[in-house]
Amino acid sequence: NAVFIVDRRYVVKLYAPFCPEDFDLETELYSLLTHDSLIPSPRLLGQGTLHDQIDWPFIVMSYIPGYPIREVRSRIPSGDLLEIAHHLGEIVHAIHEVPLTTLRSLDTSRAGWVGFLDSQQRSLQERYRGRTPLPETCIEAMASYVSRILAHEAERQLVLVNGDLTDDHLLLLEQDGRWSISGLIDFAD
């Protein structure tokens, strides 16, 4: 997806037409997350579709100042890093508390989750055979391990998880000599 910052006031995210579910989910999540003061996410300001030879869905969000942690981590004192980790834990906990029943763009039913786990487990070996240098014994061991883990997952409480919480999406700012989280971006995964 292409992302453009406009005058350090707005962010425009243009979604690739082959992944419309990213647009649907992120549009819905940004609307939900801005109501939670514990989750420092951009506000959704608008959405639409750019009509060209194909349709390009887009959203317009508020700009959150900050640097991706990967750019500034080496300059951050260890005490600030501990505070950032603590704060990030609180944010992740708040994301887990978002009621799944409010999401329309995901199948959040127990049956939907179990079906997803089953399909992932069945296709695991197929996805890795011939596409990786891993030996067959390793692929089989991986499938066995995943099977044991997933056997317990079907009973767990379902929560919202950010599957793309990387060092590109955690934004930090330095203020009065201390580094802290200014925002969390990209909720498509």
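Two strands are taken as paired if DSSP finds at least two bridges between them. On this criterion, the predicted model contains an open sheet of three strands, in which β5, β6 and β7 follow one another in the order β5-β6-β7 with antiparallel pairing. The edges of this sheet are formed by β5, at residues 67–68, and by β7, at residues 178–184, each of which pairs on one side only. Between β6, which covers residues 170–175, and β7, the antiparallel pairing extends over six bridges, and within this pairing leucine 171 has glycine 183 of β7 as its bridge partner. Helix α3, comprising residues 78–96, packs on the sheet through contacts with β6 and β7, and the direction of the helix makes about 25° with that of β7.

Among contacts between residues at least 6 apart in sequence, 62% join residues that are at least 24 apart.

The C-alpha trace spans about 55 × 50 × 35 Å along its principal axes, and 32% of the 189 residues count as buried. The accessible surface of the protein comes to about 11900 Å², with 54% of this area belonging to carbon and sulfur atoms. With regard to charge, the protein carries 16 positive and 28 negative side chains, the centres of the two sets lying 2 Å apart.

Technical notes. Residues numbered from 1 in each chain as written. Predicted model: local features only at pLDDT ≥ 70, side-chain atom pairs only at ≥ 80, totals over all residues. Heavy atoms only, no water. Buried < 20%, exposed > 50% of the residue type's maximum accessible area, 1.4 Å probe, protein only. Contact = heavy atoms within 4.5 Å. Areas by Shrake-Rupley, 256 points an atom, 1.4 Å probe, with all protein chains shown as cover. Lys, Arg positive; Asp, Glu negative; His and termini not counted. Charge placed at Lys NZ, Arg CZ, Asp CG, Glu CD. Helix = DSSP H or I, 4+ residues; strand = E, 2+ residues; numbered from the N terminus. Axes fitted to C-alpha atoms, helices over the stretch in contact; angles between N-to-C directions.
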